[in-house]
Amino acid sequence: MVLKSTKLDTEALLLEETLFHTANGYLGVRGNMEEGFDDPKSIRGTYINGFYDTVDLSYPERLYGFPVQAQRMINLPDIQTIKIIFDGNELSPLINKPAEYERTLDTKEGIAKRHLIYTVGEGTLSVIYTRMASFCRPELFLTVLEITSKNLSGKLELKAGINCDVRNYTNPDDPRVAAESVRHIIMDDAKTLDDGGYVCCSTSASELEVALLQRYKATGMDISTRATATGVEINLTTHINTNKKYSIEKYSILSDSIRQPKPVEYALGAADEYIKAGAGALLAEQKDYMDEFWHVAAIKTEGNKEVEDTLEFNLFQLLQSTGRDGITSTASKGISGEGYEGHYFWDTEIYIFPFFLFTKPEIAKALLTYRHSIINRARENALIMGHKSGALYSWRTISGSECSSYFPSGAAQYHINGDIAYSFMQYWYATGDIEFMAQKGAEVLIETARLWLDVGHYSADGRFLLHCVTGPDEYTCMINNNYYTNRCAQANLKGAVTVYEMLWQQNAAGHAEQATGITQEEINLFEKAADAMWLPYDEALDINPQDDSFLEKPVWDIAKTPNDKFPLLLHHHPMHLYRFQVCKQADTVLAHILFEDGIKDSTKRNSFDYYQRISTHDSSLSRCAFGIMAARLGLENKAYEYFYDTLITDLENTHGNTKDGLHTANLGGSWMVTVMGFAGMRLNEKGLHFKFMQPGMWNRTCFKINYLGRIINVQMERDKSKLSLEKGQPVDIYVNDEKIRLNQTPLELPHT
Ligand code: BGC
């Protein structure tokens, strides 16, 4: 799709800066204006995924084990500015209203553009900025500026460069962004080059380094460069003749000491290579990458272009947001803004990972590799939290250690362990990658499973209980036996047993053997705890209560809560919320989606109805889960309503804070409702399953799934679906619980 904005509305700038940002999983640049705009209505931002500074967390009453430092993704020196001066007058849409203005984001090409036409005297100057964060060369942010004169001539000056005088965005009134302003970037050196310059910076506390380099290719222009106390100034000048076109290529390279031992040297080498390749070839390479991506990832919703386009926007944003180098993940706001300070949460494993697993499994694998890379931090975290063994992943983090300063809805969310384990098992079922499971998966599964043995205990009647944890719903904290947590702990324990049996029986345990020192006795304990796991169930209501005490609390009156008092977290003390039956987000319903084995249909339906009544969906992770369940229950209109709300969350800014960054889990959620809801797809130890329900709001849904190295084509219509193999050997899957063999010949399956 091509997202378009044809009006320069300064009130909408913050939102547009997020929507039109350019990123590639490594670097992210907000869609700020090259001309500059120093105003609170703009957040000028350049980020590297996982590149952080540490900040001290201060507590007047610091109790044992509270994290004392957190990581924060930092705003890097500004590389965006290119001011245009014509005959001594600055041309900026904020100073001289352009005759024409258009900004676009092309999700097929992977580029963003701004096109402005200024009237100058009797003539015009057309200015086009093209931006690309290269998917093929992660350190490259390319800008191509094309200036075309019509009926005018005069002196053209471009003032550009790198500015290290930057800070992070803060808002003390919103707990979802940083509260205090700290200078994170220290410029150590600024150097000029014939055609540009670079700066070397270090972080104020985390002792990391970053180099930002910029070089220009601008035939017919003179370049002058100057190092200053805050960066590098780069000026380009020429005399522009009438009816001439000037093309300026700006190569910005970012390189950091987490990935490169010598960031400056690396950036200098990369710049040589990219300049040699040239902007044309680099843009063409991006298009090839995008074509390949969309070949599998595209979802066609025939008869509803709006849905198709918005899905495309959402999936493109996921591709931009997600780390793929094995040392990073997907921050909850991607690399598009500073909300939640660039932290990674369970959002990745439960909401984002599935899309990549089934369309670009190499990225899914990289996400798991990141989790494995921080397993020692998780082991340390388990010790801090009082556990004798095992690993407990931090609730929010970048480098692995816990960053949440409010533990009741932070560190207490132990389900993160089960979420991570779940994604490893899904990876195993979808790829059969035994080597990865031996090298990395088994260690994570066993260490996370171990933790549950230490957290839980047996009741007198033999039930295995998990006390004092917080489930996904952050309006209900520190409770006993959160159904979701117990359910995913149970799956975690069983997963560890499955992988142990598979690897050890085949003598393929390799690294996992010595990394974990697991024994058959311990595996027996995992099995016993999983079998005895207590899963709260209320017979009278035929629902799974969210936890042991949930149903005893009074119900919050959502209908009587004024609209301007949502989200509740910004208007009520947490303690107040904890005393009511009111949910910020899907909890038990999500458990019924991910771990549905053995749940009666009636329990799913009753639970859906029950929790729907008491959920505010204040978290953007909520509606998609309700949408999936509604679709699986055959509640078509409800499902569509939830789906649509999920779909437009960022494009329509329905949560009011897209300016702080995209809601990446929700973006993944829109894929999940389509594929896991409407097409009823689920993957478990038995195999891949579908149960189709084409919503009447469009005619046909076409998508592809990567499963066990095959590409499966799915075409879902109102009363029948067609399945075929695009690539790979015949494979068995399940449709409506019936096993079918898929091959290249399309199979037509009437819906039951
Ligand atoms: C949600 C969490 C989520 C976090 C980051 C919170 O509002 O309640 O479930 O992980 O946002 O997206």
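Trainee: How much space lies in the largest cavity?
Mentor: The model is predicted: local features need pLDDT of at least 70, side-chain atom pairs count only at pLDDT 80 or more, and totals for chains, interfaces and linings use all residues. Residues are numbered from 1 along each chain as its sequence is written, and side-chain values use heavy atoms, with hydrogens and water left out. A cavity is a set of points, on a 1 Å grid over the protein atoms alone, where a 1.4 Å probe fits but cannot get out; points are joined across faces, edges and corners, and a volume is the space filled by probe spheres set on them. There are four cavities of 30 Å³ or more, and the space in the largest is about 80 Å³.

Trainee: Which element gives the largest share of the lining of the largest cavity?
Mentor: Lining residues have an atom within 4 Å of a point; here they include Phe 20, Glu 34, Arg 103, Lys 113 and Arg 131. Strands are DSSP runs of E with at least two residues, helices are runs of H or I with at least four, and both are numbered from the N terminus. Two or more lining residues come from each of strand 9 (100-106), strand 10 (111-120) and strand 11 (123-133). The largest share, three residues, belongs to strand 10.

Trainee: How many charged residues are in the lining of the second largest cavity?
Mentor: This cavity has a volume of about 40 Å³, and helix 4 gives the most to its lining, with four residues. Ala, Val, Leu, Ile, Met, Phe, Trp, Tyr, Cys and Pro count as nonpolar, Asp, Glu, Lys and Arg as charged, and the others, Gly among them, as polar. The lining has five nonpolar residues and no polar ones, and the number of charged residues is three.

Trainee: Which element gives the largest share of the lining of the second largest pocket?
Mentor: A pocket is an open set of points with protein on both sides within 12 Å along at least five of seven lines, and this one holds about 780 Å³ of space. It is lined by 30 residues, with Asp 38, Arg 44, Asp 78, Thr 81 and Asn 163 the closest to its centre. Strand 13 (154-163) and strand 18 (231-240) are the elements that give two or more residues. Five residues, the largest share, come from strand 13.

Trainee: How many residues apart in sequence are the parts that the pair of Tyr 484 and Phe 595 ties together?
Mentor: Rings of Phe, Tyr and Trp (its six-membered ring) pair if their centres lie within 6.5 Å, and planes under 30 degrees apart count as stacked, over 60 as edge-to-face and the rest as tilted. The structure holds 33 such pairs; Tyr 484 and Phe 595 form one that is edge-to-face, at 6.3 Å centre to centre and 65 degrees between the planes. Tyr 484 lies in helix 10 (residues 483-505) and Phe 595 in the loop between helix 14 (588-594) and helix 15 (601-613), so the separation of the parts in residues is 111.

Trainee: What is the phi of Glu 341?
Mentor: Glu 341 is in the loop between helix 4 (305-321) and helix 5 (347-359). Although Glu 341 is not a glycine, its phi is positive, at about 55 degrees.
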